[in-house]
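Please consult the sequence and the structure shown here before reading on.

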Amino acid sequence: MPACSDRAARLAARVLMDLLALLALLAPFMSQPALAAPFAYVTNQGSHDVSVVDLASRRVVQTLKVDRSPAGVVASSATGRAYVGHPEAGTVSVIDMRSQRVLGRLAAGGGPMGLDVAPDGRRVYAADWSRNRLLVLDPDAIDRPDAAPLQAVATGRYPAGVLAHPDGRRVFVVERDDDTVAVIDVVRGEVIARWPTGAHPFALMLDAARERLFVLNVYSDDLSVIDLKADPKTTQPIGRVAVGKAPYGAALSSDGRLIYVTNQRADSLSVIDAATLQPLRTIDGFAYPEGIAAHGDQIHVVNWMDDNLVVLDAASGRTLATVPTGSNSRGFGRFIGQAPD
């Protein structure tokens with residue numbers, strides 16, 4: 001009997017040692033933030049950082065220090081990178097969506113505001129707010145302050161929102177102080193059309209299935225709706241949809257049925273039927289909502305005054321969760337992304 005007890009004790013000790021060795025190997029990985037996908041990259045203009053929110057756990061898993069006053073953002077699932085614009089610094093921060101760390105920055109003129117990425121991920125588009133142009137940036141020119149843009153196309157006054165069409169050729173740029181949207185052929189490097197909008201347009205949203213472009217007009221409190229199936233040189237808005245005061249961002253629900261619009265100065269969201277363009281309801285209780293994005297069956301709203309990200313059920317508009325973020329959160333752009341496998 002004593003011999004059996006000794007063998008059992010030795011076996012138990014070996015199992016314990018093997019388990020401790022395995023835990024030691026896993027410790028570095030266990031200390032890293034959970035890499036569940038997707039993530040929201042919320043720009044915090046007041047605290048000069050980006051809150052990385054794991055949408056599965058609904059918590060901030062990283063706070064990334066970046067250049068001053070981040071505003072615009074685009075998370076590119078095609079490349080596994082998120083790009084953050086700094087109008088005051090003239091730079092675009094580049095974030096790796098796998099490791100959740102800042103890789104460096106791109107030189108971006110005088111004041112990059114709205115951002116988007118080409119469908120193949122090989123170009124970054126930045127509206128240079130202070131120099132009235134669209135910049136086409138090389139995403140690999142990280143930490144090269146002397147790197148010239150691949151292309152610079154003159155625009156109207158104060159370009160803000162930017163949207164790259166899935167065809168890879170057209171890029172739409174809001175010209176805020178001209179009350180127009182410029183259509184830029186990035187292959188030819190020139191503006192091929194301009195479309196009238198409401199007063200002081202700022203942001204853009206695409207309904208790709210219906211081939212409609214929506215322009216958010218901050219001063220006229222409405223959306224201009226543009227049919228992209230028509231010849232761009234003769235296109236005119238097919239209608240305007242009234243929303244709340246100072247619309248800032250819009251998101252199409254993943255099922256394509258509803259459009260959610262943030263009304264900055266009404267502290268509310270407008271909900272619109274995407275097919276008929278009829279307003280359905282208004283949801284109150286926000287604090288200067290700005291950025292908005294859809295993912296799955298949820299809508300995510302960034303609140304400037306409440307410093308948080310609110311998660312809603314897309315079908316009902318019911319609040320599911322509230323995630324604290326940094327100071328003066330904006331999230332201007334497509335701030336949700338998922339790194340490729």
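A residue counts as buried under 20% relative accessible area, as exposed over 50%, and as partly exposed in between. At 30%, Asp178 is therefore partly exposed. The model is a predicted one, and a search of the whole structure finds 17 salt bridges.

**Salt bridge of Arg157 and Asp178**
- Asp178 pairs with Arg157 in a salt bridge, with an N to O distance of 2.7 Å.
- The two residues are 21 apart and link distant parts of the chain: Arg157 is in the loop between E11 and strand E12 (159-164), and Asp178 is in the loop between strand E13 (170-175) and strand E14 (180-185).
- Arg157 is likewise partly exposed, at 45%.

**Network around Arg105**
- Salt bridges link Asp67, Arg105 and Asp143 in a network.
- Arg105 meets Asp67 at 2.9 Å, N to O; because Arg105 lies in strand E7 (residues 101-107) and Asp67 in the loop between E3 and E4, this pair ties together parts 38 residues apart in sequence.
- Asp67 is buried, at 17%, whereas Arg105 is partly exposed, at 37%.
- In the salt bridge of Arg105 with Asp143, the closest N and O atoms are 3.9 Å apart.
- Asp143 is partly exposed, at 44%.

**Nonpolar cores**
- The largest nonpolar core has 24 residues, and those with the most contacts inside it include Ala40, Leu309 and Phe335.
- Strand E1 (39-44) is one of the elements that give two or more residues to this core, and E1 gives the most, with 4 residues.
- Ala40 touches residues including Val52, Leu309 and Phe335.
- A second, separate core of 23 residues includes Met113, Met205, Phe214 and Leu216.

Key
Residues are numbered from 1 along each chain as its sequence is written. This is a predicted model: local features need pLDDT of at least 70, side-chain atom pairs count only at pLDDT 80 or more; totals for chains, interfaces and linings use all residues. Side-chain values use heavy atoms; hydrogens and water are left out. A nonpolar core is a set of buried Ala, Val, Leu, Ile, Met, Phe, Trp, Tyr and Cys residues joined through side-chain atoms within 4.5 Å. Buried means under 20% relative accessible area, exposed over 50%, partly exposed in between (1.4 Å probe, protein chains only). Contact means heavy atoms within 4.5 Å. A salt bridge is a side-chain nitrogen of Lys or Arg within 4 Å of a carboxyl oxygen of Asp or Glu. Lists of a residue's contacts leave out its neighbours within four places in sequence.
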